[in-house]
Amino acid sequence: TTTTTTTTARDAKHAEPPRAYPQQQQQGRADQEDPGLVSSGKATRAPPPYGQRERSGFVPRRATDYGDGGAFPEIHVAQYPRDLGRKDGKGKHARGQTLALGVSGTGGVDYGALHRQGGNRGKTVYADHSAIVPSLKGEGEGALGDLERPSKEAEEETKRRTMLALQGKVDTVLSASQPKHIAPRPGEARYVKYTPASGQLASGSAPTQRVLRISEAHVDPLEPPKFKHKKVPRGPGSPPVPVMHSPPRKLTFEDQQDWKIPPCISNWKNRKGYTIPLDKRLAADGRGLQEVSINDNFAKLSEALYVAEGKAREAIDMRGKIQREIQTKEKQKKEDELRQLAQKARMERAGLGASSGQGAAGRSSPG
């Protein structure tokens, strides 16, 4: 019973942290106030509770293992919460992978810094929309250009000029339809002095002169033409060149066959479904009109191959002859060496026999 009580007290001691952090208290209070709040982010792997990390063998390796907190001091391994302090260049805040936030001349965020990295370092990069759109006032993101609204005075002036132009067009159209106004005649008027003949006057009246005003009459643009213009065929020009014909002669069977043109027969289409004989199809193919001719280069090629074959045979015979001579010389040399060895052995054998005979004679003489 004492052992069980001690173990329970120890588990209770490790189950609760010594103190609660303010951030955790605020988060727990927010969860209590709004229990139905569900996070829309991805599911994260929560670390084991305090007191069970060492026994479970938990080792933080990824950024999600830390949750929203920092490192675990009871686990004695190298820890990089949120990839802070990582020097191997794999973390989110690795050196050379994060750029400082900068602003442009107009006060906006300078996104061109992302494009001025690597090979574009030191170059002029146009990364915003204002670089390709012309602006009337200023440059950059803050330039309004032609999007700026006109003032009240400019609007009134534009309205007045538009009204005057429209009113002028309306007055011109209405002036022609009013009977008291006559539209101006086309062209300029001419004044002619007219004196009537004496025979046209009444008896007892003196001839009087008159001044006549002559001007062109108005033409209705919608009136159909009064005269029909008909094109006349062109007359003959210079006389044609005479065609010189030979005297007529009777057509022979050979000439008839020479001038016979076979019908056009396609090798791909036969819409009517006719059965076409092979001789007609070959005749329409035009193979009979072609003359078979052999190029002279074939003869040159065959002659060159024949000469090359003869030279190759001569070279092979010469190479075989030289090889046989070399083998003969080597065989003769080996025979000479064997003959010399045999003669030397024979001489040595003869010398040993002579020396052994003299030794035996010397030994027998004293006795």
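**Close-up views of a predicted model**

**View 1. Phe 58 and Phe 72 are both buried.** Buried here means under 20% relative accessible area, exposed means over 50%, and partly exposed lies in between (1.4 Å probe, protein chains only). The model is predicted, so to speak of a local feature takes pLDDT of at least 70 and side-chain atom pairs count only at pLDDT 80 or more, while totals for chains, interfaces and linings use all residues. Residues are numbered from 1 along each chain as its sequence is written, and side-chain values use heavy atoms, with hydrogens and water left out.

**View 2. Two ring pairs meet at Phe 72.** A pair of aromatic rings is described by the distance of the centres and the angle of the planes. Rings of Phe, Tyr and Trp (its six-membered ring) pair if their centres lie within 6.5 Å; planes under 30 degrees apart are stacked, those over 60 are edge-to-face, and the rest are tilted. The structure holds 2 aromatic pairs. In one, Phe 58 and Phe 72 have ring centres 5.8 Å apart and planes at 80 degrees, so this pair is edge-to-face. The pair links distant parts of the chain, with Phe 58 and Phe 72 sitting 14 residues apart in the loop between α3 and α4 (152-177). Tyr 66 and Phe 72 have centres 5.9 Å apart and planes at 10 degrees, so their pair is stacked. Together, ring pairs link Phe 58, Tyr 66 and Phe 72 into a cluster. Tyr 66 is buried at 6% relative accessibility, and Phe 72 is buried at 8%.

**View 3. Arg 53 touches both Phe 58 and Phe 72.** Where does Arg 53 lie? Arg 53 belongs to helix α3 (residues 53-56); helices (H or I, at least four residues) and strands (E, at least two) are DSSP runs, numbered from the N terminus. With a relative accessible area of 13%, Arg 53 is buried. Setting aside neighbours within four places in sequence, Arg 53 is in contact (heavy atoms within 4.5 Å) with Pro 48, Phe 58, Phe 72, Glu 74 and Ile 75. A polar atom of the Arg 53 side chain lies 3.0 Å from the backbone oxygen of Pro 48.

**View 4. Asp 336 and Arg 339 form a salt bridge.** A salt bridge is a side-chain nitrogen of Lys or Arg within 4 Å of a carboxyl oxygen of Asp or Glu, and by this rule the count comes to 7. For Asp 336 and Arg 339, the closest N and O atoms are 2.8 Å apart. Both residues belong to helix α7 (residues 296-364), where they are 3 residues apart, about one turn of the helix. Asp 336 is partly exposed, with a relative accessible area of 29%, and Arg 339 is partly exposed at 48%.

**View 5. Elsewhere, salt bridges that share partners join Glu 157, Arg 160 and Arg 161 into one network.** The side chains of Glu 157 and Arg 160 meet at 2.7 Å, N to O, whereas those of Glu 157 and Arg 161 meet at 3.9 Å. Arg 160 is 3 residues from Glu 157 in helix α4, so about one helical turn separates them. Arg 161 is 4 residues from Glu 157 in helix α4, again a separation of about one helical turn. How accessible is Glu 157? Glu 157 counts as partly exposed, at 35% relative accessibility. Arg 160 is partly exposed with 44%, and Arg 161 is partly exposed with 46%.

Terms used: Polar contact = N/O pair within 3.5 Å; in protein donor to acceptor, adjacent residues only side chain to side chain.
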